[in-house]
Amino acid sequence: MNYREEFIHFMVRSGVLTFGDFVTKSGRKTPYFVNTGNYKTGAQAARLGDYYAACIQENMPEGITALFGPAYKGIPLAVTAAASLYRNYERDVPYCFNRKEAKDHGEGGSMVGYKPQDGDHIAIIEDVVTAGTAVRESIELFKHVADVHIDALFVSVDRMERGTRECTTLDELREDYGIQVYPIVTIREVMECLHNKPVDGKVYIDDAMLARMEEYLATYGAKG
């Protein structure tokens, strides 16, 4: 079992990847949902960092100056990914995150942790990107911090849904900003991994659920 398959099982066991009837923020009725807010233990945080680190190491084994975690959900993700990169790959990559409101006392500023410098190469660490709002805000934020290169975005799951255009939101970010986007897994990989294959004795994606997921992607999935 590769790290992607392990990650899918980990999400299911953590109650983060669930199946049923849900409504997304955009109002779409979806048969599956990814709620990273359900991670809540130290063991889960450590393992989550390992999966992000494996994805980072696979796709960008060098060249990253710092990891950036957009407030709020991105903060623990960037921290645990940085810790895992050091623990597992001996890469001591700094991390930083933003304050929702700029600090007006002490050193001030909107950034916490590493202070980005002109010419730095930044990787953004996020959970699940829907509309891409937080990522776009992060890119805009850095324009007021330093002249950095936003090289990559790492996310846990690519839902492979259309954004404001016919392509996925992740492809929109690639096209609009020229950044590379790397999901740990895609929803298609989830479907392949779990279809009629039990996790701890339970089948989460049977034929009926697979049909519902295929129907959803036929309606909202990216074209081409």
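Predicted model: local features only at pLDDT ≥ 70, side-chain atom pairs only at ≥ 80, totals over all residues.
Residues are numbered from 1 along each chain as its sequence is written, and side-chain values use heavy atoms, with hydrogens and water left out.

A nonpolar core is a set of buried Ala, Val, Leu, Ile, Met, Phe, Trp, Tyr and Cys residues joined through side-chain atoms within 4.5 Å; buried denotes under 20% relative accessible area, exposed over 50%, and partly exposed the range in between (1.4 Å probe, protein chains only). The largest such core comprises 49 residues, of which Phe-7, Leu-67, Phe-154 and Leu-194 touch the most other members. Helix α2 (residues 42–59) contributes the most to this core, with seven residues; helices (H or I, at least four residues) and strands (E, at least two) are DSSP runs numbered from the N terminus. A second, separate core holds 20 residues, including Ile-124, Val-148, Ile-150 and Leu-173. Beyond its neighbours within four places in sequence, Leu-194 is in contact with Ile-8, His-9, Val-12, Leu-17, Phe-19, Val-199 and Ile-205, contact being heavy atoms within 4.5 Å.

Ten aromatic pairs are present. Rings of Phe, Tyr and Trp (its six-membered ring) pair if their centres lie within 6.5 Å; planes under 30 degrees apart count as stacked, over 60 as edge-to-face and the rest as tilted. The pair of Phe-19 and Tyr-204 is tilted, because the ring centres are 6.4 Å apart and the planes lie at 45°. This pair links distant parts of the chain, 185 residues apart: Phe-19 belongs to strand β1 (residues 17–23), and Tyr-204 to the loop between α6 (187–194) and α7 (207–220). Phe-19 is buried, with a relative accessible area of 17%, whereas Tyr-204 is partly exposed, at 25%. Ring pairs also join Phe-7, Phe-10, Tyr-39 and Tyr-51 into a cluster.
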